[in-house]
Amino acid sequence: MRAARSIDTLNDRTISEDSTNSLLNKNTFSNNDDGIYLLDSSNCTITNNTYENNEDGIHLMDSSNCTITNNTCSFNNNSGIYLKRSSNCTLTNNTISGNRVVIDLHTSCHDNTTHHNNISHNTE
């Protein structure tokens, strides 16, 4: 397992950059820019966390083969889950409610899978 090159808090967001085989489990992220922001990461597992009242709950950019499961993303101003230029990720059994956008698959996302997510009361 390779540790994250950088885990830091910057501009009210928790950032993990260039991490492989990382586990983010049983945390609460609230009132931030992004709850968690993974950049250039692969084979990461994000599970059993709570993201509320952020701009975006979970934000992945340039990441691949990540598993996002059993998280609660509620009342974030933009997206519950936001992926940009990320591929082969699996989003399963998440509760996504009260956000503007449920799951935003933005620019160059491919081969991502979503199933068995509980989605309610989002505006888009």
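**Strands, core and loops**

Q: Let's start with pairing. Which residue in β9 is the bridge partner of Thr-47?
A: Thr-69 is the bridge partner of Thr-47. Keep in mind that this is a predicted model.

Q: And how many bridges link those two strands, β6 and β9?
A: There are 3 bridges between β6 (residues 45-47) and β9 (residues 67-69), in the parallel sense.

Q: What sheet do they belong to, and in what order do the strands run?
A: An open sheet of 5 strands, ordered β3-β6-β9-β12-β15. The pairing is parallel.

Q: Which strands stand at the edges?
A: β3 (23-25) and β15 (113-115). Each has a single partner strand, so one side of each is left without a neighbour in the sheet.

Q: What's the average twist from one strand to the next?
A: The twist averages 5 degrees.

Q: Step back to the whole chain. How many helices and strands?
A: The chain has 0 helices and 16 strands.

Q: How much of the chain is buried?
A: Of the 124 residues, 44% are buried.

Q: On to the core. How many residues are in the largest nonpolar one?
A: The largest nonpolar core has 18 residues. Those with the most contacts inside it are Ile-46, Tyr-51, Ile-58, Leu-60, Ile-68 and Ile-81.

Q: Which strands each supply at least two residues of this core?
A: β5 (34-39), β8 (56-61) and β11 (79-84) each do.

Q: Take Ile-58. What is Ile-58 in contact with, leaving aside neighbours within four places in sequence?
A: Its partners include Ile-36, Ile-46, Tyr-51, Ile-68 and Ile-81. Asn-71, Cys-73, Gly-80 and Tyr-82 are also in contact with Ile-58.

Q: You mentioned β11. Why is β11 described as largely enclosed by the rest of the structure?
A: Because 6 of the 6 residues of β11 are buried.

Q: How many bridges join β8 to β11?
A: 4 bridges, with the two strands running parallel. Within that pairing, His-59 has Tyr-82 of β11 as its bridge partner.

Q: And how does β11 pair with β14?
A: In the parallel sense, over 5 bridges, with β14 spanning residues 101-106. Leu-83 has Leu-105 of β14 as its bridge partner.

Q: Switching to cysteines. How many disulfides are there?
A: The count comes to 0 disulfides.

Q: How far from Cys-66 is the nearest cysteine sulfur?
A: The sulfur of Cys-44 is 4.4 Å away. A disulfide needs the two sulfurs within 2.5 Å, and Cys-66 is in no disulfide.

Q: Is Cys-66 buried or exposed?
A: Buried, with a relative accessible area of 1%.

Q: Then Cys-109: which cysteine sulfur is nearest?
A: That of Cys-89, 7.8 Å away. Cys-109 is in no disulfide either. At 23% relative accessibility, Cys-109 counts as partly exposed.

Q: Loops next. Where is Ser-64 found?
A: In the loop between β8 and β9. Ser-64 is partly exposed, at 21% relative accessible area.

Q: What is Ser-64 in contact with, sequence neighbours within four places aside?
A: Ser-41, Ser-42, Asn-43, Ser-87 and Cys-89. Asp-40 is 24 residues from Ser-64 in sequence, with a C-alpha to C-alpha distance of 8.0 Å.

Q: Last one. Which strand holds Thr-28?
A: Strand β4, residues 28-30. Thr-28 is exposed, at 55% relative accessible area. The C-alpha atoms of Thr-28 and Asn-49 are separated by 5.8 Å, though the two are 21 residues apart along the chain.

Definitions and conventions
Residues numbered from 1 in each chain as written. Predicted model: local features only at pLDDT ≥ 70, side-chain atom pairs only at ≥ 80, totals over all residues. Heavy atoms only, no water. Pairing = 2+ DSSP bridges. Axes fitted to C-alpha atoms, helices over the stretch in contact; angles between N-to-C directions. Buried < 20%, exposed > 50% of the residue type's maximum accessible area, 1.4 Å probe, protein only. Core = buried A, V, L, I, M, F, W, Y, C linked by side-chain atoms within 4.5 Å. Contact = heavy atoms within 4.5 Å.
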